[in-house]
Structure formats: structure tokens, C-alpha cells
Amino acid sequence: MEISQQHPHVDIKNKPYSIMVTGATGFIGSRLISHLSKMGYSVKGMSRRNIPDTSNVKYVQADVFDVEQLEDALEGIEVTYYLLHSMEGSKDHWKEFASREKIQAQNFLKAATKAGVKRIIYLGGLVNDSLDLSPHMKSRKEVGEILASGDIPVTELRASLIIGAQGGSYAMLRYLVERLPVMVCPSWVKSLAQPIAVDDVIEYLSECMIHPETTGNIYEIGGKDKVTYEELMRVYAKYLNKSLFVIEIPFLTTRLSSYWVDLITPVKASLARPLIDSLVHDTVVTDNSITKIIPLQLKSVRDAIDIATKEIRDNPPDTPLREERTGFKINQKLLLVSLIAMAIVGTTYYWLDDRSELFEPVWILAGVFWYIAIIAAIVFVKSKTRLGFLIGGILSWITLAFWLFDNFYVVFDTSLIIDKPNELITIRNFIWTALSILAVIASHNTFHKIIDYQYKGKPI
């Protein structure tokens, strides 16, 4: 949609390093820098970290909450891409991400104005202004309004779901489909989206800089296909030649969904929450005017998935240290072996134990639930999900406590649970205790590390 008159074209062909890409190490920023560099532009990349320069790319270190640093970084810049977010971090940081993004945008506009920047190109989210927006989508919209409130003309691209290797949306899709043959989903999986390949997003961003008629306008961008998130999961499952069963639970909130994603995939809840929030409402293009200015051969959903999957297989992220990966695998196998051994040893209650109470309904029911939990833990641990290590850890602690209580009489000459076990079961309980301790240690060593190992490196 057009929001202002056309502005004069900013000539940057003969002005090296007059283009700046913020969020230089991010999912979009790193790709955009590489693309612009291949097009022959000399680019500056801004990051909070100190990064060595490469061919045609100079990196500047700046904190967006420090206006003076921003002014120094923006010196000599004519066109800047605003690709900053504050979605990730701790739970407390996530609660205040909207206010952080507001301050970031205000600081950036102030610094860019003082530095004499002539154009800002901003990538936001596709929103329906008539709906009650989620905090994440509302913040994306407000950031665009803040940037456009000054004297610098802003081109804003509002994108639907972006599919690309290293992207949070693709990671969430990939791990959910690969790990769960049966998907328990909330009602938002029926919302309609228009997923767009990250390469198409990069093309739109770079072409907007080249086409002066895009200056000062807002454009909606989406891919070739319109699909629900459930259909998107089925497309990916079909791509993997895998069956997928979906069970919809209407009362599953976005918060609970984000915790579920956190336990099943390497995508942290702090990132999953805004991603899921953005899926609650339909995100489809209603104004395709940009296609008349920048006519791209948009990729289909399957093509986007194929490109992303092949890219992440051929060029995985930085791999964690070998000894850390080895340690993870050892603990994973140790936990699996311990859980299986616990299940086998547990059957001795029913053929070595002479206590009749064990065959009462309450103890039989407890045993059934215990074995169900054992099976669930084994399945999810084999799938390398935090949920598996969480179930395994809790189950191991409960089992450890039960067996110790069952042998309580050895030290205190009294029974805490039911009648005292015979000598054979007492010996068995001590063996079982050792297995439980191993399982507790293994689950603890993996639960807090699995996200970092998988999110930063090649899937384990």
C-alpha cells in the first residue's frame, strides 16, 4: 500500500559501504549481506559482536540501546536495512520484548536522522489491521510506524511465514514433523498462511533498494501457495515420505503450545511463543502490488522446504565440540539402557515378590502408569527431545524414592510402603536403586544441554 509520494532515487552504486544491514549475523541479515556482496555492492554489517571483515563487507560493532554507538556506525550510510528483533532471551526479557523493540526503533531513527541516512528498508510481519493482534505482531507493526514517523522515507515489507535453513519457523516445522508421528495441535493449525522462501524475501529486499518507486511504501509479500499450518506440516511429512496424524485440541493455548515446542524441538519457548502467536490469525497477502514492480518467480512451499532441507544438510551450523557431542550420545545411551533395565527389573515384582498387596488394583494401576511412562520416555529420548529426558528424569527420581522406601526397613526396622520385602527383593531393590541413580545422572546431563547442542549444531 502506498503511504507517501515517490522519493528521489538514492544512487549508491558508486558509493562503497553506504549500505548498512543491521542484524548482520541473523537469519535474514547474514543472507542479505552475502546476496548484496555477490551483486557487487560494498556493504556494512552491524552487530553487537566484533566480527572480522570479509571481501566487500565491513562489520561495525554497535549496541542499538546506545545512540552514540549507533550514530558512529551509521556515519556515511545512505540506505540501511532494519532487521532487528528482541524476541529471544530469558523469560523476563521476553515479557518486555515489545518495549525493548520500541526503544530500539526510536534510538535507530534518532541516530539515522542525525547521520543523514536517506532510506530505511524494514522487514516486518504480515498483519491484519482489523484483528486483535498478538503482542509480537503488534510490536512488528509499531516498529514500522516508529521508523516511518521521522523524515527518512521507509520501505516496509510485511512477510508471511518465512521458510529457510536456520530460521525459527522452519526449525519448528522440521523437528515437530520429524519427531512426532502423532501431532497434538491447537486450533491455530487451521489458520491460513502464505509461506515464502527466504531466498524470495532476500530478492524482494535487495530489489526494493534498486527500485526507487518502492520508497516510502508498505508492501505485503508471500509465497506461491496459501496453506494452513496443518497442510504445511503434511507437505513436509510427504516430502519425507512419512505418515502424519494430527489430533486437534482447541483449548491448547499459544503459551502451552510454546512450552510443548520447547520440549519437543530445539526451538526455545521464548522464540516459539512469538512464532506461534503470529500463526493465530490468517497471514495471507491481500495487496500484491509489489509483484508489478518486482515480478519474481515465487517458489512453492515444497520447493522452499526442499531448498532449506538440502542446505541445512550440506551446510550445518557450527558443530559443538566433539567431546561434548560424544558426551551427549553416551548419556543418551546410558539413559536408554537404564530405562530398559529398570523396566525389566520392575517385572520381578510380579514373579519374585511374595507380597499379595502388589496385586491389589491400586498397585496394578500404578504399575500400568509406570510402564506407560517408561515407554514414553524411551520413545522421546530416542527422538532426542527434552520431553524424553524430562520424563526420564522425573520417572527415575520417583523410582529411586520408591525403591529406597521399600528398603527403609533395613536401616530403621519399619516399612514405609507395604509389608517388608523378602531378602531377594531387598537385594533387587538395591540393584534397582543403582539403575535409577544412573538414569537420574544421565537425564540431568542431557536435559539442560540438548537445545544448545541441536540448535547451534548439526542434529545429534
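Me: What separates K141 and E145 by about one helical turn?
Reply: K141 and E145 are 4 residues apart in helix α5 (residues 135-148), which means about one helical turn between them. Helices (H or I, at least four residues) and strands (E, at least two) are DSSP runs, numbered from the N terminus. This is a predicted model, in which local features need pLDDT of at least 70 and side-chain atom pairs pLDDT 80 or more, while totals for chains, interfaces and linings use all residues. Residues are numbered from 1 along each chain as its sequence is written, and side-chain values use heavy atoms, without hydrogens and water.

Me: What makes the contact of K141 and E145 a salt bridge?
Reply: The N to O distance is 2.7 Å, and the rule asks for a side-chain nitrogen of Lys or Arg within 4 Å of a carboxyl oxygen of Asp or Glu. K310 and D306 also meet in a salt bridge, at 3.3 Å. The total is 10 salt bridges.

Me: Why is D306 called buried, and what is K310 called?
Reply: D306 has 17% relative accessibility and so counts as buried, the class under 20% relative accessible area (1.4 Å probe, protein chains only), with exposed over 50% and partly exposed in between. K310, at 44%, is partly exposed. K310 and D306 are 4 residues apart in helix α12.

Me: Which parts does the salt bridge of E311 with R31 tie together?
Reply: The closest N and O atoms of E311 and R31 are 2.6 Å apart. E311 lies in helix α12 (residues 301-314) and R31 in helix α1 (residues 27-38), so the pair ties together parts that are 280 residues apart in sequence. R31 is buried at 16%, whereas E311 is partly exposed at 26%. R31, D199 and E311 are linked in a network of salt bridges.

Me: Why is the pair of Y82 and F108 called edge-to-face?
Reply: The ring centres of Y82 and F108 are 5.0 Å apart and the planes stand at 70°, so the pair is edge-to-face. Rings of Phe, Tyr and Trp (its six-membered ring) pair with centres within 6.5 Å; planes under 30 degrees apart are stacked, over 60 edge-to-face and the rest tilted. The pair links strand β4 (residues 79-82), with Y82, to helix α4 (residues 97-115), with F108, across 26 residues.

Me: How do you know whether Y82 and F108 are buried or exposed?
Reply: Y82 has a relative accessible area of 1% and is therefore buried. F108, at 0%, is buried. Y82, F108 and Y122 form one aromatic cluster, and the count of aromatic pairs is 5.
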